[in-house]
Amino acid sequence: MSLHLYDTATRSQRAFVPLRPRTASIYVCGATVQGIPHIGHVRSALNYDVLRRWLIATGHDVLLVRNVTDIDDKILGRSAEASRPWWEWAYTHERAFEDAYTALGCLPPSALPRATGHVPQMVELMARLIDRGHAYAAGGDVYFAVATMADYGALSGQRLDEVSQGESAQDTSGKRDPRDFTMWKGAKPGEPSWPTPWGPGRPGWHLECSAMATAYLGPEFDIHGGGLDLVFPHHENELAQSRAAGDSFARYWLHNGWVTLSGEKMSKSLGNTLSIPATLRRVRAVELRYYLIAAHYRSAIEYSDGALNEAVAAYQRIESFVHRVRERCGVPEPSIWCADFVQAMDDDLGTPAALAAIHSTVHEGNAALDAGDHPAAVAAAGSARAMTGVLGLDPLADQWRSTSGSDAASAALAFLIDRLLAERAEARNRRDYVTADAVRDQLLAAGITVEDTPDGPVWTVKGNSRHGW
């Protein structure tokens with residue numbers, strides 16, 4: 001069996017046949033960098049990291065592009081609330097996301113384009129669409145004319161007569177049809193803007209991804225990925241404007257499930273997030289990675305402390321076995337994958353069955369080790385390392401080695417800052433705001449800013465966004 005992936009566009013599982021043999025091109029919608037990343041954000045990146053690793057392991061050259069949305073209404077609003085420049089706010093949180101991805105073992109993307117760095121490509125795309133009659137300018141804005149695409153809604157299953165873009169009527173008064181969506185927003189006082197033939201302004205969310213995907217991967221590429229919440233309107237609109245411009249665009253559409261709390265999608269707007277810094281104070285990064293990839297990527301994860309603890313214990317069983325073999329027999333080298341593991345991964349990245357295959361190997365290896373059959377134990381450990389390596393979980397990988405000296409220094413800094421933040425919290429609880437503000441100002445004078453989140457305060461060092469995890 002070869003790799004089969006569930007394609008949202010066809011609502012079916014399809015054999016993966018890349019556009020170019022043994023080469024896979026992937027575009028993943030990345031973060032809108034408005035705040036500190038939570039585990040729902042990182043789950044999406046981890047899912048496509050597993051896909052990338054499996055493609056590499058099976059002999060593909062993989063080009064993965066993950067964008068950064070660094071200009072957006074929410075970024076402008078939150079930076080203004082914090083009295084910080086929008087670009088500094090965006091970059092600070094971009095680094096927070098990249099730190100989170102790195103901490104959890106994501107391979108760096110082949111390219112990491114920012115929306116603000118690709119305005120010329122967006123202007124070119126809008127010009128093509130206007131020339132073809134699929135877009136129009138009005139009052140400094142540019143809109144896509146949805147009714148010009150007969151198959152609009154096919155990706156998400158939306159009916160054209162029921163489409164609602166969720167855009168404010170106050171900000172989109174120039175629309176000819178309320179179903180049309182905004183590609184370019186005309187300049188407003190105090191907001192950043194870029195020049196275009198239709199007046200200054202800034203990008204709309206959907207426009208930027210179409211422009212960046214084709215800039216790096218060409219008019220046709222293999223896989224477009226993102227969270228389930230992006231199917232409509234974001235991916236539907238990307239597909240419409242790209243196809244209307246004459247580009248074939250993505251050949252497969254993959255969407256990962258949410259992380260939920262009490263049945264609701266984890267999101268900043270709902271205030272029900274678990275930030276990465278807060279979570280990594282409770283469990284190791286490799287354990288959190290295990291937890292977030294253990295469920296099938298298309299299923300929802302209903303977060304609970306108990307489920308996280310079970311994942312920690314499950315990973316530690318694998319880790320303990322590999323270390324037992326290393327202590328008794330020497331370091332086991334990665335060897336072969338078992339057939340059940342390969343079958344699971346080729347079946348739409350079936351990580352639950354893949355992990356079950358690993359645990360079965362570990363069980364057999366422990367039995368061999370206890371029976372004194374060291375060659376069988378070493379073989380099992382080598383196989384376990386090979387399979388966990390594909391998932392980014394190899395217990396002996398450099399990524400998961402014990403704390404280094406520089407990490408120890410970071411941990412010491414985090415300890416001292418957390419002590420100050422604890423003093424600030426105590427002062428705020430007793431309504432001693434003078435002391436609380438003094439602690440905040442003391443940290444700010446040292447170049448450390450504090451952002452209050454639903455999980456408590458998170459600190460960053462300006463310039464390199466060091467976080468207390």
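How many bridges join strand 3 to strand 4, and in which sense do the two run? Six bridges join them, and the strands run parallel. This is a predicted model.

## Strand 3 and its partners

Strand 3 covers residues 23-28, and strand 4 covers residues 61-66. Two of the facing positions can be named. Thr23 stands opposite Asp61 in strand 4. Tyr27 stands opposite Val65 in strand 4.

Strand 3 also pairs with strand 9 (residues 220-227). That pairing is parallel and runs over three bridges.

Is strand 3 mostly covered or mostly open? It is mostly covered, with six of its six residues buried. Both faces take part. One side carries Thr23, Ser25 and Tyr27. The other carries Ala24, Ile26 and Val28.

## Nonpolar cores

The largest nonpolar core holds 77 residues. Those with the most contacts inside it are Leu51, Leu104, Leu288, Leu292, Phe341, Met345 and Leu391. A second core is separate and has 42 residues. Among its members are Leu129, Phe221, Ala244 and Ala250.

What does Leu391 touch, leaving aside its neighbours within four places in sequence? Its contacts are Val50, Arg53, Arg289, Ile293, Phe341, Met345, Thr351, Leu355 and Ile358. Of these, Phe341 and Met345 are also listed with Leu391 among the core residues with the most contacts.

## The buried side of helix 2

Helix 2 spans residues 73-81. Ile75, Leu76 and Ser79 are buried in it. They share one side of helix 2, because they cover an arc of only 100 degrees around the axis. The buried residues of helix 2 pack against helix 3 (86-103) and strand 8 (201-203).

## Backbone exceptions

Most residues other than glycine have a negative phi, and most peptide bonds are trans. Three places depart from this pattern.

One is a cis peptide bond between Phe232 and Pro233, with omega about 5 degrees. Pro233 lies in helix 6 (residues 231-244).

Arg22 has a positive phi, near 60 degrees. It is found in the loop between strand 2 (12-15) and strand 3. Arg22 counts as partly exposed because its relative accessibility is 46%, between the cut-offs of 20% and 50%.

Arg431 also has a positive phi, near 60 degrees. Arg431 lies in the loop between helix 13 (405-429) and helix 14 (433-445). Why does Arg431 count as exposed? Its relative accessibility is 68%, and exposed means over 50%.

Conventions. Residues are numbered from 1 along each chain as its sequence is written. This is a predicted model: local features need pLDDT of at least 70, side-chain atom pairs count only at pLDDT 80 or more; totals for chains, interfaces and linings use all residues. Side-chain values use heavy atoms; hydrogens and water are left out. Buried means under 20% relative accessible area, exposed over 50%, partly exposed in between (1.4 Å probe, protein chains only). Helices (H or I, at least four residues) and strands (E, at least two) are DSSP runs, numbered from the N terminus. Two strands pair if DSSP finds at least two bridges between them. A nonpolar core is a set of buried Ala, Val, Leu, Ile, Met, Phe, Trp, Tyr and Cys residues joined through side-chain atoms within 4.5 Å. Contact means heavy atoms within 4.5 Å. The arc is that of the directions from the helix axis to the C-beta atoms.
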